[in-house]
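Please look over the model first.

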Amino acid sequence: MTASATSSSSKLPEGLAVCGDRDGPLRNPLVARAHLESPHPYRTPYARDAARILHSRAFRRLAGKTQVFTRLPAESPSDHFRSRLTHTLEVTQIARTLSSTLGLNAELAEALALVHDIGHPPFGHAGEKALDHALQAHGLRFDHNLHALRIVTWFEERYAAFRGLNLTLAVREGIVKHSRDYSAAEHPELAEYLLDKFPPLEAQLIDLADEIAYLTADLDDGLDSGILTLDQVREGVPLFRRFHDTVLRQYPAAAPKLTVNEALRLILNLLVTDLMNEVHNRVAVLGAGDPSALGLEDIRRAPNRLAALSPQVEAQRAQAKQFLYDNLYNSPGMEEAHDHATEVVQGLFAALIADPAQLPQDHQAQIPTQGLARTVADYIAGMTDSYIEQAWIRCRE
């Protein structure tokens, strides 16, 4: 968020502390909520949003959802591989660093990072692909961003005055638009989220923070799991090899695991620093000396998104990501896990479509307005890996 969108020089109302909701929706439409609430005496609107996300049931369930994998074939789950929750926390740390250093709103960036993966179903991307395929037979699609919006606006029930978390417009817009642009013609229901304009810069940063976090983390988990070998990563990821060689020269007696850690740390630092520099470069082209001085409407109507890596570093990131797809995400060692995810997700979906009485009562109540297929998908998407396994077993008994 820019200074012009967040600052206020007006005198605070009687009794409000310095960090209160002093920028109401009339001064800053991005802090508007669907349901009117009184200002908090000492917390900003985005700090309240972050807390609501952090305390939600959907956020807690991320601990039980796969990021890439939690176990290897024929082995017990490991406590050391990333879950969807630990990945989210790593993205949040990067997003706060980026936004603070760039002079943006770190509390907004934190809220967006905490919520960015809340709509993912069980079993990682394999589960999402399976659920989307099941819905396509009914003329529908599954989109984890749009499902996240449904979670925070409807499915979460914590407050007596309204359903959902009643988040600010800025956070809801960021949920929808942080990683992609949607067509207004295809999604008229999203009209309030300004689909013809780019989101605020804090939201744009989340997608890159996500990419940076999982690139380094997945190399780490892939090596720890044994699916990837050190020689394989050195050969296939020149960016890693360059930094790993630097570490080996500096610490020739260090244990192999520690040299890998150091190399991944240097990669993460390079990507974050390059992203900051490229944001500054793109802001300068628009005539502003600093991201925090750029008007929100200038960000929204810029020729391209302002959050990006430089062309050289982006090429290195893309090469590393392709390596992960070829050698980790779609590796022979992962085929069994992907096939299992497809069997469980699509099998449970078909079973619940055939017998909706197996749905909980609160989900059955959604069928008249949402339709059976969407209701079943909503139910499955909310499950953790362990819960969907149990539900699948019950359906087959």
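What covers the buried residues of α2? The cover includes α3 (57–61), α5 (106–115) and α8 (169–177).

## Basis

The model is predicted: local features need pLDDT of at least 70, side-chain atom pairs count only at pLDDT 80 or more, and totals for chains, interfaces and linings use all residues. Residues are numbered from 1 along each chain as its sequence is written, and side-chain values use heavy atoms, without hydrogens and water.

## Helix α2

Buried means under 20% relative accessible area (exposed is over 50%, partly exposed in between; 1.4 Å probe, protein chains only). The buried set is P45, Y46, R48, D49, A50, A51, R52 and I53. Helices are DSSP runs of H or I, at least four residues, numbered from the N terminus.

## D117

D117 sits in the loop between α5 and α6 (124–136). Its relative accessibility is 3%, so D117 counts as buried. Beyond neighbours within four places in sequence, D117 contacts (heavy atoms within 4.5 Å) L62, Q67, R84, H87 and T88.

The D117 side chain makes polar contacts with the side chains of R84 (3.0 Å) and H116 (3.4 Å). A polar contact pairs N or O atoms within 3.5 Å; within protein, one must be able to donate a hydrogen and the other to accept it, and residues adjacent in sequence count only if both atoms are side-chain atoms.

Note on methods:
Helix = DSSP H or I, 4+ residues; strand = E, 2+ residues; numbered from the N terminus.
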